[in-house]
Amino acid sequence: MTTQIIHFTQWARDNPQRKYNSLLGMLFDPDGLNESFERQAANKAPGVDGMRKADYGGYGLPERLKDLSARVRRLGYRPKPVRRVFIPKSNGGRRALGIPSFEDRIVQDRTSLILQAIWEPEFRDCSYGFRPGRNAHQALKRLAEIITIERTQWIVEADIKGFFDNVSHDHLRRFLAHRISDPRLLRIIDRFLKAGVLEDGVFKASEQGTPQGGLVSPVLANIYLHYVLDMWFEKRYAKTCHGTARLVRYADDFVACFQWEDDAKRFLQELKIRLAQFDLEAEPSKTAIYRFGHLAQARCKQDGHRRPPTFNFLGFTHYVGRSRKGNFVVSHKTQRERIQKKLIELNVRLASLRVQGGKAMMEYAYRHLQGHIQYFGVSGNSRSLRQYRYQVQRLLFKCLNRRSQRRSFTWQQVGEAINHYLPRTCIVRNLYPSPWWMTQAGSRMV
């Protein structure tokens, strides 16, 4: 980042309660916009203007950025509608994505950096999504630490129904006004929210929501849920619980852990009321209470159940497991729906690469499997990784054989070659609590 935005970030961190009233002139200069231009990927899909990075850059870029800076400062800049596309979801539905135009990406990137600098010192530790230095694996490890070390026994798995489509603009403006009093920056953000969408050539106005795919949408979502959920849970609800109460949130997916069943049941009821106050609703099919902890297996046997229930979070199915020494651990395996979805996508992609030859298909399968291992290669997930690797190997063999009308290869001929070419499965990240954590926690609990 430029020295200017770094200084502003430090300034915001040193003054967490400060209210900012003049931001456009300081941070939307041509140099800052050029930095945001360089941050954009060259292979991103174009918006309604059909423009990519190569089209916008090149000769005349300094003049374009200078003109853009002047338009933003005098409020002559108006975002274009986002181009709406749909991608399939694991449950059979479709998720709407909004693709902004390239110039809007530059301004949104700069805006998101400003908002992130202001609110990052205020965000709670329970939030992990779309924040610098934080990722999904940290959220998963923190969840395992809460259940294993703090000995919580009940899980509330929750998901907000159509969160990005139902964000209230009125409430969001009120939240932004807590720290920003610059009317020009607030006007720019409001224009992004009201830009509308273009779907199949038809323009639709946007009266609520913030489109997924926009660069400013993640930080706006975090600001919204910071006030709606995180602050409410930690400063109000958790203090009314009889035992331990913890929250782990990644974007609009979150899990609440409780020591006592009554606190968990009451949370589910009060959560519905809290979300309704801000025009949100919990997704019924993804919201439930589970007994989950070191006592879950014994209690379930007493109740006549074969095994404790499982729950899904961030692409993993979490279940009660045992370490090699027989101690309770939170075990993970890749969610079945994720596996099915990714294999279908891989099959379609390999089929489209047949015309480019076997080398292109082999290289794509290698990158695909490598990316899968980097995310799902966590402790306790070895079996699922091996099974997924075998399915990738099988799909690759099938697509290589379909390059002609005759069967080209047998499994004995190419199976071993494919097996040696694809990356080996391995555990990349350890999500189990560290031994010294267990020692300190054990001494506190005694």
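User: With which side chain does the side chain of Arg249 make a polar contact?

Analyst: This is a predicted model, in which local features need pLDDT of at least 70, side-chain atom pairs count only at pLDDT 80 or more, and totals for chains, interfaces and linings use all residues. Residues are numbered from 1 along each chain as its sequence is written, and side-chain values use heavy atoms, with hydrogens and water left out. A polar contact is a pair of N or O atoms within 3.5 Å; within protein, one must be able to donate a hydrogen and the other to accept it, and residues adjacent in sequence count only if both atoms are side-chain atoms. At 3.0 Å, the partner of the Arg249 side chain is the side chain of Ser127.

User: Is Arg249 buried or exposed?

Analyst: Buried means under 20% relative accessible area, exposed over 50%, and partly exposed in between (1.4 Å probe, protein chains only). Because its relative accessibility is 0%, Arg249 counts as buried.

User: Which strand holds Arg249, and what is the strand order of the open sheet?

Analyst: Strands (E, at least two residues) and helices (H or I, at least four) are DSSP runs, numbered from the N terminus. Arg249 lies in strand 6. Two strands pair if DSSP finds at least two bridges between them. The open sheet has 4 strands with antiparallel pairing, in the order 6-7-3-8.

User: Which residue in strand 7 is the bridge partner of Glu157?

Analyst: Strand 3 (residues 154-159) and strand 7 (residues 253-258) run antiparallel, joined by 6 bridges. In strand 7, Glu157 has as its bridge partner Val255.
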